Amino acid sequence: MGSDGRCRFSDCRWFAFHVSLLLIIGEQALAELRYSVPEEMKEGTAVGNVAKDLGLDRTSLTERRIRVVSGSKDAFFEVNPDNGALQVRRKIDREELCQGSGACVIELKVLVENPLEIHYVVVEITDVNDHSPIFSEKEQQFEIFEQASPGTRFELHAARDPDAGINSIRAYTVTSNDHFEIEISQNDEEKIPFLVLRKSLDREQKNKHVLFVTAVDGGKPPRSGTLNVSVVVLDINDNKPIFSRDTYQIEIYENVPVGTTVTKVNATDPDEGTNGEIEYSLSKTLVRKVYDIFELDRITGQIKLKGELDFEESEIHKLDVQASDKGTPQLTSRCRVIVKIKDVNDNPPEIEITSLSNTVSEDSKPGTIISLISVTDRDSSVNGKIISSITEDVPFELKPSYKENTYSVVTKGFLDREEVSHYEIIIKATDCGEPSLSTFKTLNIQISDVNDNRPKFSQNPLQFYLVENNVAGASIFSVSATDNDVNENAAISYHIARGNDVTTFLNVNSDNGHITALKSFDFEVLKTFQFQVVATDSGTPSLSSNVTVNVFILDQNDNAPVILYPVSSNGSAEGVEEIPRNVNAGHLVTKVRAYDADIGYNGWLLFSLQEVTDHSLFGLDRYTGQIRTLRSFTETDEAEHKLLILVKDNGNVSLSATATVIVKLVEPKEAFAASDVKSATKVDEEDNVTFYLMITLGSVSVLFIISIIVLIAMQCSKSTDYTSKYLQETNYDGTLCHSIQYRSGDKRYMLVGPRMSIGSTIVPGSHANTLVLPDRRRGSGEGGSTLSV
């Protein structure tokens, strides 16, 4: 406070001073300021400008939430956030706050945030003369024998003034008289007034004297209190009790039980009779708490504990004991009993959380401050020495401050919310007493998430099998990724990677990864394709990952067999064969050739005779389509036979085609002549068949080569477990078909044509186009694998 502020106070008696920044340690701006302010100041009175003395920017005080933090609900001071001034919050009564004449100080903690700082402010409360001296009793009576010698002293009730320093009691005066005067005896910090007989008394002249004793303090203006003293003049009792010691000093532990004898005082009186009988009593001027703790036996002088002792409330008790005889007049003497309390470790440490950040980001650097704590112990000496630590193995530690028993809780390592999202920091404070006492405080810390994890697919690449002729616009499969982060950092959206040409016929749902086909696929046109899907989270910045998707189109029986031979000139499946009548049984008449664009069972063709004029003459091979004679011809056999042949595939719903072959029996010479003519015709027909076969086989070969190239590329980019090998098998008997083997992981599959390899087996319930092949790469004890489509 400035000089103008001091002048406003009466007689310019109060002043303020401060000691600015003492010490700065570490990352926190820590300092201790000192001010003084008189008691009884009005609310709002400025003590000093904390912001100015600490060098803080006044414009940022509100944003930095400057405030006084205190464990007490009734705080006496507060900081004005507008100008940084430390102000009186409510009136302070120094005598109520700090009893005694010593310095009265209040320690404050001033906290500012962003960055977090704590400053210590000590405010000394100076005394003002706001109390008058008060005697414990308004009247005091003495009975004095007339033979009392001049100089005899009579102890008066001492006045008490709660004020300190110059404002305490300075003098005692007595009204003007001929017989008595006042003397002051200094005892420790107290002034004891005595009424001194200056001139001998004469009972016959005056048997009672009425005096007024006034106690005056040193204030300006001074205050005073008055005691009415009555002196009754009696006959002589000339010996007073004498204590064995003027002062008794005792040390006792604070935890001794109630009823324990503290000490025993002893006084003697050489008088006889009632003049030598002594009674003990406690002085009536003692602090009230003394009467609650101690009791004195009037006869024996034993002092016992009446209540419990507490070193933390008071370290010393002073008892004034009076010994009075029963003479007339009664004589009294005094002694002082000083009881010093020895501390025991009966108070556990106390942990105060000054500031706490309940949430810490997982990307916080080591050394980040999350809390400020202070530890106190009401015990003294070694019982008040405290050792603080964090009990659990957590990535946090206590960092001591320059001020004893003040710590910062800081991170000592890197945090990972995905591993541990919540910490309970248990702080233990243990004193050094015997036995030691401990206190625990738990800080609950939540780790907040940052976007540090990419979306992750469970498998890469992914393989999907799709049956051809799917419904356009329907979902065909889905991809899914997971993200170890939470909230928006784990919200995943999907899209097809740029540069993939599948976007013309595929669409991915960005929310759930469902992939929809925009068109229907045809196995005979497209057998496999590949693309990449990107999964992106919603964090800032966002993270993403790709997955490769391999799609294999599976065949359906959607193509009917096509008769390649016989084909007549008008395109109908009908042919005429002439054979000599003298051929033997087993003679090859002709072979029906057919082709099915499907593969596997869907393309496996079977031949059967639907109509024949004579079942005993001709036989049809079920698998090759060869027509052979069953026996030799006789003269009774007809010369022309019609065979209706059905060709059908092995799909679930089989498709078929028919061919008609007319067999004519001719004589050997005619047959030989006809064969020359027919051979020329047949050459043309064979040329046409060969042309169609070349076109068909060429198309199949091109598709096969493309498939092999794609699969080799996939094999180069994948491990052995995911490699697919496609091998084309030829038909043994000339009937066109498709037969593809491939491997995926440890499974080997085969899509078969009309003729199966030796050792292959049809799998029941596999929709008639799945085979199991024994895997020759495995041991002999392992079985084959299946593929259901």
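Glu113 is buried, with a relative accessible area of 16%, where buried means under 20%, exposed over 50% and partly exposed in between, computed with a 1.4 Å probe and protein chains only. The model is predicted, so that local features need pLDDT of at least 70 and side-chain atom pairs count only at pLDDT 80 or more, whereas totals for chains, interfaces and linings use all residues. Residues are numbered from 1 along each chain as its sequence is written, and side-chain values use heavy atoms, with hydrogens and water left out.

The side chain of Glu113 meets that of Arg67 in a salt bridge at 3.0 Å, N to O, a salt bridge being a side-chain nitrogen of Lys or Arg within 4 Å of a carboxyl oxygen of Asp or Glu. This pair links distant parts of the chain, 46 residues apart, with Arg67 in strand S3 (residues 67-69) and Glu113 in the loop between strand S6 (105-112) and strand S7 (117-126); strands (E, at least two residues) and helices (H or I, at least four) are DSSP runs, numbered from the N terminus. Arg67 is partly exposed, with a relative accessible area of 23%.

In the whole structure, 20 salt bridges are found. Among them, Asp449 and Arg417 pair at 3.0 Å, N to O, and both of these residues, Asp449 and Arg417, are buried. Glu155, Asp320, Arg334 and Arg336 are linked in a network of salt bridges.

Ile706, located in helix H5 (residues 668-716), counts as partly exposed at 47% relative accessibility.
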